[in-house]
Amino acid sequence: MATPVKVHGPPLSTAVSRVLACLIEKDVPFQLIPVNMAKGEHKSPDFLKIQPFGQVPAFQDEAISLFESRAICRYVCEKYAEKGNKGLYGTNPLAKASIDQWVEAEGQSFNPPSSVLVFQLAFAPRMKLKQDESLISQNETKLEKVLEVYEKRLGESRFLAGDEFSLADLSHLPNAHYLVTATDRGEMFTSKKNVGRWWGEISSRDSWKKVVDMQKQST
């Protein structure tokens, strides 16, 4: 039996949960190795050997190590192409390019404002930090513009990259989950006809439900 891949980091991390959802979709066995970030374990010399920026997740597959959650997800889909959800990263160059463009849109357009909102609205109160109202307002406006593009796109196709669930959709799950379930801004998603339908569909996948269960068990 092959050694399971290793994912270092807490499942509450949005980047870690992205990788976990991908591994579950691909039916790839994995070992989750806790990293206590409050104690600074992600800055330890041993951890920095596998993640030079001292962030989570760090990922190991036998002799190789990787960082950056979207790159890890692509690697998992390519290496384990015949396992689990075979179409998660497309099965031909055009499908892959279509998925890639929406993964890039997530990383460059959706992730920056949604990450700020997740931190300010969901995590700052837990950490007893003061919320920055102007930052919240600015990033709400930015995210609203992105979601308007998504609303139009999702009126044309069932999912972002076409009619099949893919890495493009999966990449949005972590931040959207926090905004919908842990803040009062969920209606940014649920009030839009097409985005709301899409969110309902992707968030009810078994893979994501398993990740949410892992998050609950870790709190």
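This is a predicted model: local features need pLDDT of at least 70, side-chain atom pairs count only at pLDDT 80 or more; totals for chains, interfaces and linings use all residues.
Reader: What volume does the largest pocket have?
Author: The largest pocket has a volume of about 810 Å³.

Reader: And which residues are closest to its centre?
Author: Ser 13, Thr 14, Ala 15, Met 37 and Val 56 are the closest to the centre, out of 26 residues that line the largest pocket.

Reader: Which helices each supply at least two residues of that lining?
Author: Helix H1 (14–25), helix H3 (69–79) and helix H4 (93–126) each do.

Reader: Which gives the most?
Author: H4 does, with six residues in the lining of the largest pocket.

Reader: What is the lining like by class?
Author: Twelve residues of the lining of the largest pocket are nonpolar, ten are polar and four are charged.

Reader: Switching topic. How do the axes of H5 and H9 cross?
Author: The axes of helix H5 (residues 133–156) and helix H9 (residues 193–203) cross at roughly 80 degrees and come within 7 Å. An angle of 65 to 115 degrees counts as roughly perpendicular, so H5 is roughly perpendicular to H9.

Reader: Which residues make the contact?
Author: On H5 they are Leu 147, Tyr 150, Glu 151, Leu 154 and Gly 155. On H9 they are Lys 193, Asn 194, Val 195, Arg 197 and Trp 198.

Reader: How do those divide by class?
Author: The contact of H5 with H9 has five nonpolar, two polar and three charged residues.

Key:
Residues are numbered from 1 along each chain as its sequence is written. Side-chain values use heavy atoms; hydrogens and water are left out. On a 1 Å grid over the protein atoms alone, a cavity is a set of points where a 1.4 Å probe fits but cannot get out, and a pocket is an open set with protein on both sides within 12 Å along at least five of seven lines; lining residues have an atom within 4 Å of a point. Grid points are joined across faces, edges and corners, and a volume is the space filled by probe spheres set on the points. Helices (H or I, at least four residues) and strands (E, at least two) are DSSP runs, numbered from the N terminus. Ala, Val, Leu, Ile, Met, Phe, Trp, Tyr, Cys and Pro count as nonpolar, Asp, Glu, Lys and Arg as charged, and the others, Gly among them, as polar. Axes are lines fitted to C-alpha atoms, for helices over the stretch in contact, and angles run from 0 to 180 degrees between N-to-C directions. Angles under 35 degrees count as roughly parallel, over 145 as roughly antiparallel, 65 to 115 as roughly perpendicular and the rest as oblique. Contact means heavy atoms within 4.5 Å.
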